[in-house]
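Subject: Structure handover

Hello,

Here is the structure for you to look over. My notes on it follow below.

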Amino acid sequence: MPLYGLGANILILPSSSEELCLGSQPSMSGLFAVNPALFKSNQENPYVCLNRGNWLGGVSVSQMGYNHKFRSAVTHFGIRYSALSDLEYRDEIPVDNAITTFNAYGLVLETGIAVDRNTYKAGINFSYLNFGIYTAKSSGLCIDFGSAIKLNNGIKIGLALKNLGIMGKLDSDNPKLPRKLLFGFSKELSHTQFSNTMYSSLEWNSNQIDSKFYFGNQFKWNMLSLLVGYFKSQNNSEASIGIGFTFNKYKIVYGRRFNNMDIGTPELLSFEVALP
């Protein structure tokens with residue numbers, strides 16, 4: 001689990017309140033979908049999404065996305081930015097005051113496309129990453145692949161391979177990208193008045209020793225959405241809650257995640273709108 005959303009770890013931060021609450025689910029559609037095969041939009045209106053919140057360690061997170069559908073394809077454009085200010089630089093000798101303070105940041109520019117072939121979907125996403133810590137900077141490129149299939153009984157299965165690429169040198173070393181392999185499925189139960197979707201997935205991360213399990217549930221009733229999640233790795237457990245409201249072409253969702261580490265409580269507020 002990334003302790004801070006800086007450096008290459010900005011690539012694995014939640015990119016929406018739904019992902020913060022439900023986990024990294026490769027079977028879940030979204031404007032910032034974990035699986036590039038499931039970028040969502042509709043035929044009539046392009047979608048814009050704005051996210052703002054905080055990650056562990058006081059890292060601020062800001063994101064903006066734009067999705068537009070043309071025939072059977074959805075194009076995606078996104079910007080993600082994280083920052084941490086007032087970091088202190090000190091000598092090895094303990095002193096009361098720091099020698100200086102500095103900031104750290106991470107920036108991702110991305111574009112992708114998802115193609116729909118009825119029950120089967122496939123997608124690809126390209127990202128440019130730039131980050132700096134103190135006086136050192138690095139940049140690089142990475143690519144994501146994804147596929148998903150929808151079955152007749154409300155089950156959707158997704159597979160995503162993310163963050164394949166290379167970074168330039170940071171001082172004397174090349175930072176390692178957090179390559180991820182995600183496999184998961186979801187089951188939707190629908191009624192005339194409500195719907196309920198259960199999500200489950202398993203994640204492997206090249207920068208972590210153990211794999212991670214995600215379980216989430218989203219209940220929708222009229223304009224209201226309730227989200228809960230539980231995430232487990234060998235050394236850490238997390239739980240999350242969220243609430244959302246949909247008003248015609250507008251959607252707002254707030255999510256919060258709790259963990260057993262005393263370094264902050266991640267939270268995100270997401271706002272979506274369908275443009276004219």
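First, a term for the notes: helices (H or I, at least four residues) and strands (E, at least two) are DSSP runs, numbered from the N terminus. In those terms, Asn222 lies in the loop between β10 (212-221) and β11 (224-232).

Please keep in mind that this is a predicted model, where local features need pLDDT of at least 70, side-chain atom pairs count only at pLDDT 80 or more, and totals for chains, interfaces and linings use all residues. Residues are numbered from 1 along each chain as its sequence is written, and side-chain values use heavy atoms, with hydrogens and water left out.

Loops

Asn222 has a positive phi of about 55°, although it is not a glycine. At 56% relative accessibility, Asn222 counts as exposed. Here is the scale: buried means under 20% relative accessible area, exposed means over 50%, and partly exposed is in between (1.4 Å probe, protein chains only).

Arg71 is another non-glycine residue with a positive phi, about 60°. Arg71 sits in the loop between β2 and β3. Its relative accessibility is 64%, so Arg71 is exposed.

Gln193 belongs to the loop between β8 and β9. Gln193 is partly exposed, at 45% relative accessible area.

Salt bridges

Side chains of opposite charge can pair when their charged atoms come close. The rule used here: a salt bridge is a side-chain nitrogen of Lys or Arg within 4 Å of a carboxyl oxygen of Asp or Glu. That rule gives eight salt bridges.

Take Asp116 and Lys121. Their closest N and O atoms are 2.7 Å apart in a salt bridge. Asp116 is partly exposed, with a relative accessible area of 27%.

Next, Lys162 and Asp144 form a salt bridge at 3.3 Å, N to O. Lys162 is in strand β7 (residues 155-167) and Asp144 in strand β6 (residues 136-150), so the pair ties together parts that are 18 residues apart in sequence. How buried are the two partners? Lys162 is buried, at 9% relative accessible area. Asp144 is buried too, at 4%.

Lys180 and Glu203 make a salt bridge, with 3.3 Å between the closest N and O atoms. Lys180 lies in strand β8 (residues 180-190) and Glu203 in strand β9 (residues 194-205), so this pair ties together parts that are 23 residues apart in sequence. Lys180 is buried, at 3% relative accessibility. Glu203 is buried, with a relative accessible area of 6%. There is also a network: Lys212, Glu238 and Arg257 are joined by salt bridges that share partners.

Aromatic rings

A pair of aromatic rings is described by the distance of the centres and the angle of the planes. Rings of Phe, Tyr and Trp (its six-membered ring) pair if their centres lie within 6.5 Å; planes under 30 degrees apart count as stacked, over 60 as edge-to-face and the rest as tilted. The whole structure holds five aromatic pairs.

In one of them, the rings of Tyr66 and Phe77 have centres 6.5 Å apart and planes at 35°, so the pair is tilted. This pair links distant parts of the chain: Tyr66 is in strand β2 (residues 60-70) and Phe77 in strand β3 (residues 73-89), eleven residues apart. Tyr66 is partly exposed, at 30% relative accessible area. Phe77 is partly exposed, at 43%.

Phe245 and Phe247 form a stacked pair, 6.3 Å centre to centre, with 20° between the planes. Phe245 is partly exposed at 33% relative accessibility, and Phe247 is partly exposed at 39%.

Largest pocket

On a 1 Å grid over the protein atoms alone, a pocket is an open set of points where a 1.4 Å probe fits, with protein on both sides within 12 Å along at least five of seven lines; lining residues have an atom within 4 Å of a point. The largest pocket is lined by 39 residues, and Ser29, Lys40, Gln218, Lys220 and Lys251 lie nearest its centre.

Best wishes
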